[in-house]
Amino acid sequence: MIYSQLKLGSSDGVDMNLEGYLVKINKFAPYVDVERISKAYTFGDHAHTGQLRKDGAPFFEHPKSVSLILAELEMDEETIIAALLHDTVEDTDVSLADVERLFGKEVAGLVDGVTKLAVINYETKQERQVENLRKMFLAMSSDIRVILIKLADRLHNIRTLGAMTTEKQYEKAEETIEIFAPIAHRLGIFKIKWELEDLSLKYLDPEGYKELVKKVDKKRSEREFIINDYIKQIHDALTELNIPFEIYGRPKNFYSIYKKMKYQHKEFDEIYDLTAIRIVCADIKDCYSALGAVHTLWKPIPGRFKDYIAMPKPNLYQSLHTTLMGNGEPFEIQIRTQEMHDIAEYGIAAHWKYKEGSKASNNEMEKKILWFRQMMEWQSDLKDPSEFMSSLKLDLFNTEVFVFTPNGQVVDLPVGSTPVDFAYKIHSEVGNKCVGAKVNGRIVPLNYQLQNGQRVEIMTAKNAQGPSRDWLKFVKSTQAKQRIKQWYKKERREENVEKGQEMIVAELRRQNLPVKQVLNEDYLDAILKRLSLKSLEDMYNAIGYGGILTSQVVPKIKEKYFKDQKDDQLKVKSESDKFEEIPKKKIVKKSDTGIVVKGIDDILVRFAKCCTPVPGDDIIGYITRGRGVTIHRSDCENFEQTDDSENRFIEVAWANNDNTSYTAHVQVVSHDRKGLLSEITMMMHDLDMAMSGINAKIDKNGIAVVNITIEILDIEELNKLMKKLKQLEDVIEVKRISS
């Protein structure tokens with residue numbers, strides 16, 4: 001028979017009263033105090049009275065289902081109670097003190113660990129997500145049960161995601177497959193991992209998921225016949241050897257198939273391991289005997305045997321894996337003991353099943369908690385939310401390269417790791433004093449990518465100058481990156497401060513921000529506090545050694561600067577109540593036009609609106625009957641059209657008059673973005689230029705066209721403004737236009 005996996009808590013607790021709930025609890029976890037569980041159930045049910053989920057179901061169905069998932073994992077009583085109450089502090093009037101008073105400090109600690117942070121005005125959604133994850137990881141580094149509750153919570157939420165909006169479904173599914181499924185993998189809880197992945201795929205790529213399910217169903221019948229034939233042959237061989245065993249066929253989860261098709265560019269028909277055969281033996285000796293038996297039945301494929309019993313994975317997983325050739329197609333067999341099987345299905349959660357008198361199980365769980373503690377230590381200096389998230393994903397994924405120290409100790413590293421990663425994994429000082437490396441006895445470059453099974457030896461020197469900044473370009477592990485940055489932070493402060501100051505000054509100048517005005521501690525006080533920095537020098541130092549990026553600081557400075565400028569303008573408006581009528585430098589009068597007309601005094605002079613000449617432009621006068629002399633730019637197109645009589649031209653020149661202002665029209669063409677108009681007006685303010693009009697529109701392609709009317713003294717002032725405008729971010733073109 002092909003073995004099909006059952007969903008954890010598959011009933012989901014829907015429409016189940018206390019009596020029905022206790023029946024299931026007794027089935028999964030008969031060791032718990034029923035009276036205490038009943039008390040928690042009643043308390044939680046009452047606290048959530050009147051609350052509904054998005055699908056219209058009573059809210060308490062959710063914590064009830066989460067607790068059943070954990071009961072099926074055979075978790076302890078405190079965890080099951082905490083699951084029943086995990087949303088009370090966040091979503092009801094119940095306080096953490098209430099939980100502690102009624103159910104004890106241990107339950108209260110677990111509830112607090114899974115409760116999101118109070119509402120804080122984070123700048124971005126990602127920043128809020130990061131801080132909630134930090135809180136969760138810190139809590140679980142001291143009590144791993146926090147993350148087990150969180151995984152069960154996410155599993156039930158992803159099962160009931162159908163009532164959410166499409167956007168919310170995608171967002172939750174993406175977070176699940178990038179964060180929570182890898183955590184389940186890290187903890188070895190494959191039963192939860194596989195379901196999280198498959199359900200997430202359903203929302204991330206609905207069409208791809210449906211198509212894959214159809215293909216798997218279509219091929220299943222023919223695969224079942226082949227696999228059942230293999231199972232019969234194995235059954236007969238092991239029975240003949242008197243080896244006690246159980247045998248199953250396990251279908252591969254959809255997401256694993258999907259990944260092979262998408263990332264390894266395989267067609268569905270090229271994937272042969274849709275079903276793996278699993279043999280569960282009584283002890284380790286029998287596992288190796290069973291391995292020998294199957295190798296006599298079919299020919300093993302070279303390089304496809306893995307002994308995870310002798311060399312367990314970091315998530316506690318143990319098993320023998322061998323790929324064999326049968327009927328012209330490869331297939332996989334996994335061989336393990338019952339305890340290994342439980343750990344493979346339930347991972348670290350199986351600790352509670354085997355904790356009675358098992359020091360090994362306790363030690364393994366301590367190792368796992370230590371890993372999370374180290375992870376939080378390495379990531380504690382990461383202030384940038386995006387850097388934290390990418391670092392976290394790297395730590396959760398791809399820890400599948402196993403190498404050996406010279407004395408045979410196994411070290412696991414992320415895929416793509418180098419000897420430098422290995423050195424820092426051994427000890428910080430080994431990394432800091434590393435000058436070379438040998439792999440399998442041969443010297444290799446420090447950026448060499450390590451492969452499974454290699455023996456690595458690090459060469460050190462007492463007088464080593466410390467790590468190179470270039471190492472940050474190729475190391476893969478968060479531990480190595482953080483240790484290198486910490487060394488530079490501690491040992492090269494003066495150098496870091498100087499380098500960091502140069503970097504931020506260059507970026508501020510590039511964005512046309514006044515360096516002297518914004519680079520002082522009073523001005524940056526709020527920004528420094530948000531980055532957990534005590535002084536401006538600390539900020540320079542952090543930028544210099546790579547602890548924070550200029551892209552984390554400059555946008556905040558820019559935003560504050562323009563806000564302050566806007567506030568200043570509003571203050572002027574409130575004082576004068578004439579903000580819209582910005583005072584002009586001087587109103588042009590016909591008796592004071594700044595124009596000299598050759599041979600004529602006291603004549604009416606006006607400027608052509610078609611070309612709006614300003615001092616510095618080449619100009620010519622045109623005599624208009626009854627309207628005096630109209631001043632045009634020499635290159636004015638309209639002027640050429642009026643050329644009906646040479647006798648109407650007259651020579652004119654600019655007078656030396658510093659008190660006269662002139663109108664000019666400028667057009668700015670830019671990619672539309674937030675803050676564009678604000679930056680333009682702030683620039684005008686900085687240049688002490690008067691703006692008498694502004695008009696903006698955005699076309700269907702997202703291009704903004706801004707027309708500005710300004711008062712200027714001469715062409716030099718106009719050119720200066722246009723040059724500054726061209727330097728603004730996303731600006732495509734700046735030009736003079738007619739009115």
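**Figure 1. Overview of the predicted model.** The accessible surface of the protein comes to about 37,400 Å², and 49% of this surface belongs to carbon and sulfur atoms. The structure shown is a predicted model, and its secondary structure comes to 29 helices and 21 strands. Of the 739 residues in the protein, 50% are buried. When contacts between residues at least 6 apart in sequence are considered, 67% of them join residues that are at least 24 apart.

**Figure 2. The salt bridge between Arg145 and Asp76.** Side chains of opposite charge can pair when their charged atoms come close. In this view Arg145 forms a salt bridge with Asp76, and the closest N and O atoms of the pair are 2.6 Å apart. Arg145 lies in helix α9 (residues 145-159), whereas Asp76 lies in the loop between α3 (61-72) and α4 (77-85), so the pair ties together parts of the chain that are 69 residues apart in sequence. Arg145 has a relative accessibility of 8% and therefore counts as buried, and Asp76, at 12% relative accessibility, counts as buried as well. For the protein as a whole, the count comes to 16 salt bridges.

Figure 3. Glu195 forms a salt bridge with Arg159, with the closest N and O atoms 2.7 Å apart. Because Glu195 lies in helix α11 (residues 190-204) and Arg159 in helix α9, this pair ties together parts that are 36 residues apart in sequence. Glu195 counts as buried at 12% relative accessibility, and Arg159 counts as buried at 14%. Glu197 forms a salt bridge with Lys193, where the closest N and O atoms are 3.3 Å apart. These two residues are four residues apart in helix α11, so Glu197 and Lys193 are separated by about one helical turn. Both Glu197 and Lys193 are buried. A further view shows Arg36, Glu77 and Glu78, which are linked in a network of salt bridges.

**Figure 4. The largest nonpolar core and another core apart from it.** The largest nonpolar core has 55 residues, and those with the most contacts inside it are Tyr21, Leu70 and Leu151. Helix α9 gives the most to this core, with eight residues. If residues up to four places away in sequence are not counted, Leu151 touches Phe180, Ile183, Ala184, Leu187, Ile189 and Leu196.

**Figure 5. The aromatic pair of Phe43 and Phe103.** A search of the whole structure finds twelve aromatic pairs. One of them is formed by Phe43 and Phe103, an edge-to-face pair with 5.7 Å centre to centre and 65° between the planes. The pair links distant parts of the chain, with Phe43 in helix α2 (residues 34-47) and Phe103 in helix α6 (residues 96-103), 60 residues apart. Phe43 has a relative accessible area of 22% and is partly exposed, whereas Phe103, at 4% relative accessibility, counts as buried.

Figure 6. Phe190 and Tyr317 form an edge-to-face aromatic pair, with 5.8 Å centre to centre and 75° between the planes. This pair also links distant parts of the chain, as Phe190 lies in helix α11 and Tyr317 in the loop between β4 (306-307) and β5 (320-326), 127 residues apart. Phe190 counts as buried at 8% relative accessibility, and Tyr317 is buried with a relative accessible area of 6%. Together with Trp194 and Tyr308, Phe190 and Tyr317 form one aromatic cluster.

**Figure 7. The hairpin of strands β19 and β20.** Strand β19 (residues 690-698) pairs with strand β20 (residues 703-712) in the antiparallel sense, over eight bridges. The bridge partner of Lys697 is Val705, in β20. Four residues lie between the two strands of this hairpin, where Gly702 takes a positive phi near 80°.

**Figure 8. Helix α19 and its covered residues.** Helix α19 (residues 419-426) is mostly covered, as six of its eight residues are buried. The buried residues in α19 are Pro419, Val420, Asp421, Phe422, Ala423 and Tyr424.

Definitions and conventions:
Residues are numbered from 1 along each chain as its sequence is written. This is a predicted model: local features need pLDDT of at least 70, side-chain atom pairs count only at pLDDT 80 or more; totals for chains, interfaces and linings use all residues. Side-chain values use heavy atoms; hydrogens and water are left out. A salt bridge is a side-chain nitrogen of Lys or Arg within 4 Å of a carboxyl oxygen of Asp or Glu. Buried means under 20% relative accessible area, exposed over 50%, partly exposed in between (1.4 Å probe, protein chains only). Two strands pair if DSSP finds at least two bridges between them. A nonpolar core is a set of buried Ala, Val, Leu, Ile, Met, Phe, Trp, Tyr and Cys residues joined through side-chain atoms within 4.5 Å. Contact means heavy atoms within 4.5 Å. Accessible areas come from the Shrake-Rupley method with a 1.4 Å probe; for residues, only the protein chains shown count as cover. Rings of Phe, Tyr and Trp (its six-membered ring) pair if their centres lie within 6.5 Å; planes under 30 degrees apart count as stacked, over 60 as edge-to-face and the rest as tilted.
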